[in-house]
Amino acid sequence: INSAGSLAMADNHPEKDAFLVTRLRGAGAIILAKTNLSEWANFRSTRSSSGWSSRGGQTKNPYVLDRNPCGSSSGTATAIAASLGTIGVGTETDGSIICPAAVAGLVGLKPTPGLVSRNGIIPISISQDTAGPMGRTVSDVAILLNVLAGMDENDPEGHASAGNVPVDYRSFLKPDALKGKRFGLLRQAMGYHPDVDAVTERAVASLKAAGAEVIEIKIDTYDKWSSDEFEILLYEFKDGLNHYLKTATTANKSLESLIAWNKAHADKAMPYFGQELFEQAQAKGPLTDPAYIKAKNDARRLAGKDGLLLTLDAKNLDALIAPSMSPAWPTDHVLGDHFIGSGYGIAAVAGTPSITVPAGDSQGLPVGIVFMGRAYSEPELLGYAFAFEQISPARKAPEYKPGITR
């Protein structure tokens, strides 16, 4: 069943595997299960609780059970952290691999869109969507990326990956990969939690001890893309989902139909939060609308050309670094998620890769740092993360504590 966690899609039985699943089976992978997704990848309501879906209920954080697993790839991160599986595949539009991996003490890599085929995945945004590997070590993530990465001509961005997939990502996992490299510390993504700042400062010290140079940078366009990104997601969600549903086996063949189904089954489908984002997306026009075209161009420019990429080039940097995410917050079905800060968004909107690796903790809750680079720099990012993992091992197994106690 390919349901996006929704009871409205519980009758959707794809006739064939997604492109990446075919690659996994071809490589001999044993697929244990599909895990619980934050319903509609957290794109149904402004008050959604990450890790909750009407089909699967609430996923818990294995480190502290009353804490949230983040999302939208909540079940995958929790399952790997809890050693229910060795590796897993998450999907991300903006944070849905990096965030759950970070709060579950995992390594998670968000690839350049198109490096891993999106074919068969229920979409949010053709501009930003990607699937990517998650694991307990950088080596595990590199092994999985070897299988996932590959050109799919039926993916609109698939052709761009030609020539950008190495024979073996593991060949970049070298202990001295940090030596002589130059990183920009994105302090604009800090300052929201003292423990996160302390973990990040220790990570910077470790990078310098390994022979890297770290300078502080400021991006003038930082976070100015947010409103444009939101417009893009609303437009592309409606367009992409309607195209997906036309050939799906579900009875609901449009976003409009899904909205009506949710209203008719609100007691089961919407017990905690509504579908404001669905309704906002439904009100949007086609992808030929000037408002959409302007938002798409502006967001990519502000985050990419005039943001991350400009900074990398102007400062002669190999990558940007930042704290991945705050420690996990208490799960709240009344108010929804409590995001207080993260560092991954600029790469998501710029369409460039990022990787989170464990770096420390806050009262037993994992905290990670994220490396962000240019398009198709996955080999280099894996190398940096691996070298950091070797000199600063931070992952601890979860203890399934019921709550935070002193």
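How many positive and negative side chains does the chain have, and how far apart do the centres of the two sets lie? In this predicted model, the chain has 39 positive and 43 negative side chains. The centres of the two sets lie 2 Å apart.

The overall build of the chain was examined next. The chain contains 12 helices and 10 strands. The C-alpha trace spans about 60 × 50 × 45 Å along its principal axes. Of the 406 residues, 56% are buried. The accessible surface of the chain comes to about 16400 Å². Carbon and sulfur atoms account for 53% of that surface. Contacts were also sorted by separation along the sequence. Among contacts between residues at least 6 apart in sequence, 74% join residues at least 24 apart.

A disulfide is a covalent bond between the sulfur atoms of two cysteines. The structure holds one disulfide. Cys70 and Cys99 are its partners, with an S to S distance of 1.8 Å. The torsion about the S-S bond of Cys70 and Cys99 is about 105°, so this disulfide is right-handed. Cys70 lies in the loop between β2 (57-58) and α2 (74-81), whereas Cys99 lies in helix α3 (residues 98-103). The pair therefore ties together parts that are 29 residues apart in sequence. Both cysteines, Cys70 and Cys99, are buried.

Backbone geometry was then inspected. Most residues other than glycine have a negative phi, and most peptide bonds are trans. Some sites in the chain depart from this pattern. The peptide bond from Gly71 to Ser72 is cis, with omega near 20°. Ser72 lies in the loop between β2 and α2. Cys70 is found in that loop too. Ala4 is not a glycine, yet its phi is positive, near 55°. Ala4 belongs to the segment before α1 (19-26). Its relative accessibility is 9%, so Ala4 counts as buried, the cut-off being under 20%. Ala41 also has a positive phi, of about 55°, although it is not a glycine. Ala41 sits in the loop between α1 and β1 (52-53).

Leu258 is found in helix α7 (residues 255-264). Its relative accessible area is 1%, so Leu258 is buried. Beyond its neighbours within four places in sequence, Leu258 is in contact with Ala8, Met9, Trp40, Leu241, Leu245, Asn252, Gln275 and Phe278. Met9 is one of these partners. Leu258 and Met9 are 249 residues apart along the chain, but their C-alpha atoms are separated by 8.6 Å.

Thr76 lies in helix α2. With a relative accessible area of 9%, Thr76 is buried. Residues up to four places away in sequence aside, Thr76 touches Thr35, Gly88, Val89, Gly90 and Met134. Glu213 stands elsewhere in the model: Thr76 and Glu213 are 34 Å apart in space, C-alpha to C-alpha. Along the sequence, 137 residues separate Thr76 from Glu213.

Glu399 is found in the segment after α12 (378-391). Its relative accessibility is 56%, so Glu399 counts as exposed, for which the cut-off is over 50%. Glu399 touches Pro62 and Tyr63, not counting residues up to four places away in sequence. Glu399 and Tyr63 are 336 residues apart in sequence. In space, their C-alpha atoms are 5.6 Å apart.

Definitions and conventions
Residues numbered from 1 in each chain as written. Predicted model: local features only at pLDDT ≥ 70, side-chain atom pairs only at ≥ 80, totals over all residues. Heavy atoms only, no water. Helix = DSSP H or I, 4+ residues; strand = E, 2+ residues; numbered from the N terminus. Buried < 20%, exposed > 50% of the residue type's maximum accessible area, 1.4 Å probe, protein only. Contact = heavy atoms within 4.5 Å. Areas by Shrake-Rupley, 256 points an atom, 1.4 Å probe, with all protein chains shown as cover. Lys, Arg positive; Asp, Glu negative; His and termini not counted. Charge placed at Lys NZ, Arg CZ, Asp CG, Glu CD. Disulfide = S-S within 2.5 Å.
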